[in-house]
Amino acid sequence: MENFTFEEQKNTSLRHKITDDIRKAIFSGHLLPGTRLREVEMSKQMGVSRGPIREAMRMLEQEGLLISQPYKETMVSDISREEVVHVLIPIRLTLEQFAFKKALALLDDSHYAKLHNIIDKMKEAANRQDIAQIADYDLQFHAYLVELSGMSNIISIWNSIYNRIRLHFITQARTYDDLIKLCQEHETLLEAIKLGNENDICAALTEHIQIVNWDFLDKQE
């Protein structure tokens, strides 16, 4: 936390405001995985008691963004190679392939226009080197298609891993030499979706998710 300072807090919706501020600090890259969060220091910076800070941290632990151990400081969660390979990638592929197939029959020109618009915004963020915004639009693209499936249980499961995916993305995107490639990968996926062949969509989605993640994991070795 040496190079990041929290803003002084107001009294309205204190716990939720603190939760949101910490979450934004993580997703913007100000608080990187492994960063220790010290209640006393945060209390002084925000001008609040430690109680609502502790409650906010508890909420973020449930979201998978923070981790704490008894008698030790709370820190920003990390994403291990093992979790990405054996949990996030398989779960994403299973959920999204199923959801995309369900959504396919419902897609019309307005939906395609929405998806193109998301990619355009992603390109603008890439040109600004704004990793947090790229992450927003990347996941917005996938979330939009998952939600269009109308499968409430699938949507709920996908939402439950959303923050872990986003935390991984924040770390992952920093290794890319050309962020525009991430946008181009979504364009390729969207073209497959527009053609409407389920097998080709599943293949394109698999390639998209695996290539992005394996490239990153290879750079970690």
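Buried means under 20% relative accessible area, exposed over 50%, and partly exposed in between, with a 1.4 Å probe and protein chains only. The model is predicted, so local features need pLDDT of at least 70 and side-chain atom pairs count only at pLDDT 80 or more, while totals for chains, interfaces and linings use all residues. Residues are numbered from 1 along each chain as its sequence is written, and side-chain values use heavy atoms, with hydrogens and water left out.

**Exercise 1.** Determine how Arg-54 and Glu-39 are joined, and whether each is buried or partly exposed.

*Solution.* The two side chains meet in a salt bridge (a side-chain nitrogen of Lys or Arg within 4 Å of a carboxyl oxygen of Asp or Glu), with an N to O distance of 2.9 Å. Next, the pair links distant parts of the chain, since Arg-54 lies in helix H3 (residues 50-62) and Glu-39 in helix H2 (residues 39-46), 15 residues apart; helices here are DSSP runs of H or I with at least four residues, numbered from the N terminus. Finally, Glu-39 is buried because its relative accessible area is 16%, whereas Arg-54, at 34%, is partly exposed.

**Exercise 2.** Locate the salt bridge between Asp-21 and Lys-17 and classify both residues by accessibility.

*Solution.* The closest N and O atoms are 2.8 Å apart. Both residues lie in helix H1, four residues apart, which is about one turn of the helix. Asp-21 has 15% relative accessibility and therefore counts as buried, while Lys-17, at 35%, counts as partly exposed.

Notes
Helix = DSSP H or I, 4+ residues; strand = E, 2+ residues; numbered from the N terminus.
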